[in-house]
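Dear colleague,

I am handing over a structure for your attention. Please look through the sequence and the coordinates first; my findings follow below them.

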Amino acid sequence: MINRKAAAVAGAAALALVLSSCAESERESDGENTDTDGAATGAAGDGSGDGEMSDATFIFGAAGEPKLFDPFYASDGETFRITRQIYEQLLDFEPGTAETIPGLAESYEGSEDGLTWDFQIREGVKFHDGTDLDAEAVCANFDRWYNQTGAAQNSAVTYYWNNNFGGFADQSDRDSLYESCEATDEMTAQVTITRYTSKFPDILAHGAYAIHSPSAMEEHDANNVEAAGEGFTYPAYATEHPTGTGAFQFAGYDQANGTVTLERFEDYWGEKAGVAEMVVRSIPDEATRRQELEAGQIHGYDLPNPVDWNSLEEDGNTIEIRPAFNILYVGLNATTNEALLDVNVRKALSHAINRDQLVQSQLPEGAEAASQFFPDTLPGYNEDLEPYAYDPDMARELLEEAGHADLEIEFWQPTEVTRPYMPDPASIFDAIRSDWEAVGITVNPRPMPWTGGYLEGTEQGQAAAYLLGWTGDYSSPDNFIGTFFTQQDNAFDTGNYDFADELTDMLVEADSEPDPDAREEMYKEINARIAEDFLPGLPISHSPPAIVVSEAVQGLITSPLAAEDFSTVTIDE
């Protein structure tokens, strides 16, 4: 039977909170193993744990290439898949859930007003370059984040900081959530923020806020980001020398073959990785990923096509289905198409999409049409809202009323990728394009590689309409709609609209509300206003993503955040 795990998705923000270290894993190391030719020949241990470390190689097929290896400059899941094996944060997630727990901080405590937080740093932790973790190293990371300059301040580079913390040190015209970090003793870092927020400190569990080695960052000029045409260039630290404290350390990236190699970090402070080496191969085509698994060239892959789930399992593989903790949406941006400034045009585009048919024909069992920008497992979900009805006649009437019956729009299509919320981007794109053309809209498709300009272009407002989505980073409505819409120079460029200040103020007010019940009601109201009045983008669906591994793989713990820690994996062949 397919394993449909209903992992808990629970939040953990609270004032004056003290947490202690997490429970120990029960995983044991394998015995002798053989890696003969770089294929999925892995370990030969029996999983019983004989005291010897496995020398197996775990080979995984990813749906896209990583952008780079410095998570502070990342916003895409394929990069975080790699970096979360290399780095750790002050906080982490309870395996299999979205609940935050201590990480590199073995405990933490907030003041009554939620503005000052003391993090007790875990003893005996080393970075991969052999230097020690202490409070000074932690504060060096906070100061690095806050003091980014020039091109690095662009939201296409520092996406999460811009959306979570706001301004940088030299931006007097932008508020920042961050105020300071002080090492009050060798192993205590005191972080002060400027206002109460529901997302702190949980946000520190996100991979973007991983703790790096200060000495490695200095040696390899980690902050040297430069603009280059419509994109950016990154320093050697981000491409060749990522240095964290995780169970795996970076061993190399063969970009020509799309292969990242990680090695077990033998001085890791916790339970060491169950395999000696992890290889992540970029295989954008889902059918090819399946063929590679069937041929024994990889041990598992992400995002198997839902139509293959049963047959994969009949062949002895294990299908794990994560909760649908995500949203697929059509992003709209009036910067390059002024017709989108009219809400009736945006409503027409929404009414023209046959969501139910798209969900039934393109998405896996368990997927649902979306009425708002986050799933119903989060507080603040508005049960009174319904997905926009499929109504081609209404779409035509709204376009006529807006004076745009001859609407022409450029629609960006992501290529060379599969995403958890978008198992087949080409088919989903074609379905929406066909629906829009059926009501008289002229659609100009613009296909573009995911890491070849698509992500940066959409983030910089170059696409009038585009497919994108989001898998939650932690359990909070602010992580969805706050991230999307609080800052007005976002991918939707909400600063274009007359509702921009009102929406920003509503989001900041809700995020700043300490009372959970009052905050939940505020988010329900915001969801209603976004759906009925603002409509900066079009929510499409929530769908459960899967991951598949061969029968040789043991110990995989899936994450509702699609944030798997592969150090728990062992190979039994």
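To begin with a point of detail: which residue lies over the face of tyrosine 73? It is arginine 144, at 5.1 Å from the ring centre. Please bear in mind throughout that this is a predicted model.

Tyrosine 73 also belongs to a cluster of rings linked by ring pairs. Among the other members of that cluster are Phe72, Phe142, Trp145, Tyr146, Trp161 and Tyr234. Across the structure, the count of aromatic pairs comes to 45. One of these joins phenylalanine 58 and phenylalanine 566, whose ring centres are 5.6 Å apart; their planes stand at 40 degrees, so this pair is classed as tilted. The two residues come from distant parts of the chain, 508 residues apart. Phenylalanine 58 is in strand 2 (residues 57-62), whereas phenylalanine 566 is in the loop between strand 23 (553-554) and strand 24 (570-571). Both phenylalanines are buried.

Next, the disulfide. The structure holds one, formed by cysteine 139 and cysteine 181, with 2.1 Å between their sulfur atoms. The link is left-handed, with -70 degrees about the S-S bond.

Strand 11 (residues 248-254) and strand 12 (residues 259-264) run antiparallel and are joined by six bridges. Within this pairing, phenylalanine 250 stands opposite leucine 262 of strand 12. Four residues lie between the two strands, and glycine 258 in the turn has a positive phi of about 60 degrees.

Finally, I turn to the second largest pocket, which has a volume of about 390 Å³. The pocket is lined by 24 residues, and those closest to its centre are Asp175, Arg195, Thr486, Gln487 and Val508. Which helix gives the most to this lining? Helix 14 does, with five residues. Helix 3 (159-164), helix 13 (481-485) and helix 14 (500-511) each supply at least two residues of the lining.

With kind regards

Key: Residues numbered from 1 in each chain as written. Predicted model: local features only at pLDDT ≥ 70, side-chain atom pairs only at ≥ 80, totals over all residues. Heavy atoms only, no water. Disulfide = S-S within 2.5 Å. Phe/Tyr/Trp six-rings, centres within 6.5 Å; stacked < 30°, edge-to-face > 60°. Buried < 20%, exposed > 50% of the residue type's maximum accessible area, 1.4 Å probe, protein only. Lys NZ or Arg CZ within 6 Å of the ring centre and 35° of its normal. Pairing = 2+ DSSP bridges. 1 Å grid on protein atoms, 1.4 Å probe; cavity = no way out; pocket = protein on both sides within 12 Å on 5 of 7 lines; lining within 4 Å. Points joined across faces, edges and corners; volume = space filled by probe spheres on them.
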